[in-house]
Amino acid sequence: MVQIERSFPAPKSLAEEMEKANGSYSKPDVIERLKKDFHGKCYICGMKGLQDPQVEHLLPHKNGRYKDRKFDWENLFWSCGHCNNVKNQEAYDTGILDCCKRNPEEAIIFELRGQNVLVKEVDSGDREAVLAAQLVTEVFNIRNTGMRVYKSDMRFKMLQREMNVLYKKLEAYKKEPDSKILNRTLKALLRKESAFAGFKRYYVRMHLKEYPQLAEYIA
Ligand SMILES: [Zn+2]
């Protein structure tokens with residue numbers, strides 16, 4: 001999870017659809033804008049190139065009972081089906097950290113240690129961060145159905161693969177810190193727009209002593 005800059009004004013269709021009895025919050029203008037603002041990435045797990053993207057409501061609209069939430073542009077997020085599904089639990093109803101309003105990288109640590117995804121809030125009194133960290137942990141670990149075992153594992157493997165690419169490039173960079181190609185590659189790997197950026201950026205932040213010049217890429 002990384003900070004997202006939401007664009008304004010809200011897509012036009014939202015206000016129009018809200019007036020209808022059975023309006024839709026997922027007209028093409030909404031989908032296009034969400035995809036662009038969120039860089040085509042699930043804001044929860046960080047996976048890119050989603051085949052089953054969904055419009056996720058940060059605060060649930062409970063089948064339209066909360067109409068204002070249903071059509072509120074600032075309540076709409078881009079997520080994968082798995083994460084949207086896992087988030088659909090009462091525990092998260094009070095609201096996880098809003099990555100369009102707060103920088104998750106300041107409130108949560110995103111660590112991959114061996115075979116474990118360790119996502120934790122910085123301050124245990126920070127309720128939104130606690131919930132967001134719990135949710136991100138869950139989407140990589142939940143195994144209560146066969147399909148969820150598959151989907152959690154798939155995300156974990158993709159995260160691991162992406163981290164291994166980062167480790168390899170960092171290793172090479174240590175020997176050739178002036179290499180233009182390596183600098184360009186690392187810059188791209190550490191962009192907020194890249195897959196699993198929160199984890200990669202956290203790793204580099206924790207190892208900045210070894211790679212002080214990379215500070216600008218994770219700013
Ligand atoms: Zn996801």
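Trainee: Which residues does Ala132 touch, not counting residues up to four places away in sequence?

Mentor: Please bear in mind that this is a predicted model. Ala132 touches Met1, Ile96, Leu97, Pro104 and Ile108, with residues up to four places away in sequence left out of the count.

Trainee: Which residues of the largest nonpolar core touch the most other members?

Mentor: In soluble globular proteins, nonpolar side chains tend to be buried together. Here the largest nonpolar core holds 41 residues, and Tyr43, Ile44 and Ala132 touch the most other members. At least two residues of this core come from each of several elements, including helix H2 (28-37), strand S3 (108-113) and helix H6 (127-141). H6 gives the most, with seven residues. Another core, of six residues, lies apart from it; among its members are Leu166, Leu186, Leu190 and Ile218.

Trainee: Which residues of helix H9 are buried, and what covers them?

Mentor: The buried residues of H9 are Ala197, Gly198, Phe199, Lys200 and Arg201. Their cover includes helix H5 (104-107), strand S3, helix H7 (146-175) and helix H8 (180-189).

Trainee: At what angle do H7 and H9 pack, and which residues meet there?

Mentor: H7 and H9 pack at about 35 degrees, with their axes 10 Å apart, and the crossing is right-handed. Leu159, Glu162, Met163 and Leu166 in H7 meet Phe199, Lys200 and Tyr203 in H9. The residues of this contact comprise five nonpolar, no polar and two charged.

Conventions. Residues are numbered from 1 along each chain as its sequence is written. This is a predicted model: local features need pLDDT of at least 70, side-chain atom pairs count only at pLDDT 80 or more; totals for chains, interfaces and linings use all residues. A nonpolar core is a set of buried Ala, Val, Leu, Ile, Met, Phe, Trp, Tyr and Cys residues joined through C-beta atoms within 7 Å. A residue is buried if 20 or more other C-beta atoms lie within 10 Å of its own, exposed if 12 or fewer, and partly exposed in between; C-beta atoms are placed from the backbone. Helices (H or I, at least four residues) and strands (E, at least two) are DSSP runs, numbered from the N terminus. Two residues are in contact if their C-beta atoms, placed from the backbone, lie within 7 Å. Axes are lines fitted to C-alpha atoms, for helices over the stretch in contact, and angles run from 0 to 180 degrees between N-to-C directions. A crossing is left-handed if the near helix is turned anticlockwise from the far one by less than a right angle, and right-handed if clockwise. Ala, Val, Leu, Ile, Met, Phe, Trp, Tyr, Cys and Pro count as nonpolar, Asp, Glu, Lys and Arg as charged, and the others, Gly among them, as polar.
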